[in-house]
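Student: I'm new to this one, so please take me on a close look at its side chains, starting at the surface and then going inside.

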Amino acid sequence: LETTLSPQAEVFEALQQLHMTVFSQSVSPCGKFLAAGNNYGQIAIFSLSAALSSEAKEESKKPMVTFHAHDGPVYSMVSTDRHLLSAGDGEVKGWLWAEILKKGCKELWRRQPPYRTSLEVPEINALLLIPKENSLILAGGDCQLHSMDLETGTFTRALRGHTDYIHCLALRERSPEVLSGGEDGAVRLWDLRTAKEVQTIEVYKHEECSRPHNGRWIGCLATDSDWMVCGGGPALTLWHLRSSTPTTVFPIRAPQKHVTFYQDLILSAGQGCYVNHWQLSGELKAQVPGSSPGLLSLSLNQQPAAPECKVLTAAGNSCRVDVFTNLGYRAFSLSF
């Protein structure tokens, strides 16, 4: 039976849609589903395979299931080979992908990092999987990086050095090193074996990157062996890590909120509706418009199990998640 909403409920739902922000995305281990988390604490699961099929209808672009995961926004999500991990204010939760897809989903576990006071409920802005260690790094409002053993669920160490809250994390795979960037304007490099900070790059102190009118905060980072790209208040810049040298400053004025290396390109997004495709030399190869006025997250589905679902998805300041089947144009949007 169809349930009809009262006029007040309809207005409330329309306002919720209007003011929605999608903060986070994660692709399922099989590559056929996409989880998206919003500012109301909801996680929606979309079927990429249904939305991309030749028989796709409008319904295929709506969630298969939506569930309430956190009391506040779902700031960050990652997937392991079986679990979806989601983070909100002060805690991280684990969900089984196999159960999520069956609807009626219950969390598997929840963990709260050891905060300094019980009154503190800092948001967790970033999650990062360390596959070699089977561990998870969480970072956010308490200015620390917390390492959690995924086998036991225990917090094993806290990395301290940032003086303000942390926005983003990236993994340097060859040497188990983690990079973190935050409101204090520094990118800090941590050696996971010693739990020590081994390098600090204060981006805003470099004249070519500095943009004092935007602030010093670092909102996004990505790494590729000896290279790092980061941006935020300062300009989006490519760095050579060994020499701590900025090699390319990308000519874009809008602060960038997400960046990733892809083949021989760098993809970035932030204020404004565009996904920007950069060459490493700094040349803007393409600006592809999406449907949101600002973008906060990009997700590249490169799961080998589902080559037919190889897409880029972009989400931010709207209830829509844009799907780019080839990187050059937006094919359609999924919607909460």
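Tutor: Start with Val11, Leu15 and Leu18, which make up a nonpolar surface patch with about 300 Å² of accessible area together (Shrake-Rupley method, 1.4 Å probe, with only the protein chains shown counting as cover for residues). A patch takes residues with over 30% relative accessible area and no salt bridge, joining nonpolar side chains (Val, Leu, Ile, Met, Phe, Trp, Tyr) within 5 Å and like charges within 9 Å; a salt bridge is a Lys or Arg side-chain nitrogen within 4 Å of an Asp or Glu carboxyl oxygen. Val11 belongs to helix α1, residues 7-18 (helices are DSSP runs of H or I, at least four residues, and strands runs of E, at least two, numbered from the N terminus).

Keep in mind that this is a predicted model, where local features need pLDDT of at least 70 and side-chain atom pairs 80 or more, while totals for chains, interfaces and linings use all residues. Numbering runs from 1 along each chain as its sequence is written, and side-chain values use heavy atoms, leaving out hydrogens and water.

Now for the rings. The whole structure holds 4 aromatic pairs (Phe, Tyr or six-membered Trp ring centres within 6.5 Å; planes under 30 degrees apart are stacked, over 60 edge-to-face, the rest tilted). One of them is Phe67 with Trp95, tilted at 55° with centres 4.8 Å apart. Phe67 is buried at 9% relative accessible area (buried is under 20%, exposed over 50%, partly exposed in between, 1.4 Å probe, protein chains only). Trp95 is buried too, at 2%.

Another tilted pair joins Phe250 and Trp278, 5.2 Å centre to centre and 50° between planes. Phe250 sits in the loop between β20 (245-249) and β21 (256-262) and Trp278 in strand β23 (residues 274-279), so parts 28 residues apart in sequence are tied together. Both Phe250 and Trp278 are buried.

Last stop: Arg188, in strand β15, residues 186-191. Arg188 counts as buried, with 10% relative accessibility. Beyond neighbours within four places in sequence, its contacts (heavy atoms within 4.5 Å) include Gly161, His162, Val178 and Glu197. His162 is 26 residues from Arg188 along the chain, yet their C-alpha atoms are separated by 7.9 Å.
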